[in-house]
Amino acid sequence: DRILLEKNILCSFKDQKFMCHMKFYFTTNTKIVFVLPFYPGGDLFNFLQNHGPFDEAATAFYITQVAYIVSFLHSKNILYRDVKPENFLIDENGYLVLIDFGSCKISEEKSEIHCSFCGSIDYVSPEMISGEGHNLMTDWWSVGIMAYELLFGIPPFHGDTTERTLDLISNSVISYDSKIHITSVTKDFITKLLNKKVRERIGQGGYQEITKHHFFQGCSYNNIINQKISAPAIPEITGEYTKNFDKFYINSAIEDFEQSSDPSFIEECEPLFEEFKK
């Protein structure tokens with residue numbers, strides 16, 4: 001079901017330039033293969049690691065796009081649940097493109113509560129950890145984590161272990177490294193996104209509530225959404241095509257598409273492939 005949902009999202013919204021869309025897909029005897037566009041700038045996390053934290057203007061440029069695409073998904077009743085720099089690729093013009101829709105959930109209503117635990121540990125919301133249930137507001141929490149990370153280079157509640165990280169998210173008060181200067185307006189924006197009380201967290205009113213915050217005062221978000229201004233950094237794409245990607249991915253071995261240790265399991269699951277053969 002999750003793979004089918006991801007396929008449907010990737011095949012929809014082709015006019016949405018901030019979302020990755022499927023070129024085509026096919027099946028082999030044992031695999032479902034998604035063929036996606038190539039974005040030469042690599043992912044935002046790798047870019048952040050190589051270039052260091054961004055200033056407030058650059059952060060506002062990127063978070064404008066993140067907030068816009070999160071709001072777009074919410075308008076389609078799609079809860080993303082995995083907002084993080086690794087899931088945003090950079091196109092040749094320096095703009096973001098969202099990928100990886102494997103954690104998405106369709107909500108029948110915007111207030112619908114879900115009780116599953118998913119996403120990446122540093123970015124999960126307190127309500128997801130507590131098990132009280134989460135809704136669309138969990139994505140705005142992750143946007144706050146991402147904004148902090150773009151400014152400081154690390155997530156605000158990162159611990160040495162998974163247990164420690166979850167404890168910090170649930171119980172710790174956010175702090176700001178005094179060695180990196182940010183304005184009180186930026187602190188207010190992030191603090192409001194990272195309010196542990198869901199009903200008090202900014203984002204209840206969607207994109208308009210987010211972008212009317214003074215954090216975005218210095219940028220023209222209409223021009224950003226219409227990609228009419230130059231990005232703070234344009235990826236270098238001459239020469240080696242994969243230079244902007246983490247070596248872990250570049251050096252990974254190519255998997256044998258047809259390798260299977262249990263052919264009977266494949267045969268048993270064959271009916272599940274029918275939807276992908278249409």
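Start by selecting helix 6, residues 162-171 (helices here are DSSP runs of H or I with at least four residues, strands are E runs of at least two, and both are numbered from the N terminus). Aspartate 167 and arginine 164 sit 3 residues apart in this helix, so about one helical turn separates them. Show their side chains and you'll find a salt bridge, with the closest N and O atoms 3.1 Å apart (the term means a side-chain nitrogen of Lys or Arg within 4 Å of a carboxyl oxygen of Asp or Glu). Aspartate 167 is partly exposed at 34% relative accessible area, and arginine 164 is partly exposed too, at 42% (buried is under 20%, exposed is over 50%, partly exposed is in between, using a 1.4 Å probe and protein chains only).

A quick word on what you're looking at: this is a predicted model, where local features need pLDDT of at least 70 and side-chain atom pairs count only at pLDDT 80 or more, while totals for chains, interfaces and linings use all residues. Residues are numbered from 1 along each chain as its sequence is written, and side-chain values use heavy atoms, with hydrogens and water left out.

Next, hop to helix 7 and pick aspartate 188 and lysine 192, which lie 4 residues apart, about one turn of the helix. Their side chains meet in a salt bridge at 3.2 Å, N to O. Aspartate 188 has a relative accessible area of 30% and lysine 192 comes in at 38%, and both values count as partly exposed.

Now for a pair from separate parts of the chain. Select arginine 201 and glutamate 127, whose salt bridge has its closest N and O atoms 2.9 Å apart. Arginine 201 is in the loop between helix 7 (184-193) and helix 8 (207-211), and glutamate 127 is in helix 4 (residues 126-130), so this pair ties together parts 74 residues apart in sequence. Both residues are buried. Across the whole structure, a search finds 4 salt bridges.

So where does a buried charge go without such a partner? Go to aspartate 91, in the loop between strand 4 and strand 5. Aspartate 91 is buried, with a relative accessible area of 9%. It has no salt bridge, and the nearest side chain of opposite charge, lysine 17, is 9.6 Å away (Lys and Arg count as positive, Asp and Glu as negative, and His and the chain ends are not counted).Zoom in on the side chain of aspartate 91: a polar atom there lies 2.8 Å from the backbone nitrogen of asparagine 93. That side chain also reaches the backbone nitrogen of glycine 94 at 3.0 Å (a polar contact is a pair of N or O atoms within 3.5 Å; within protein, one must be able to donate a hydrogen and the other to accept it, and residues adjacent in sequence count only if both atoms are side-chain atoms). Leaving out residues up to four places away in sequence, aspartate 91 touches Tyr39, Pro40, Val97 and Pro235 (contact means heavy atoms within 4.5 Å).

Last stop: the rings. The structure holds 20 aromatic pairs (rings of Phe, Tyr and Trp, the last by its six-membered ring, with centres within 6.5 Å; planes under 30 degrees apart are stacked, over 60 edge-to-face, the rest tilted).
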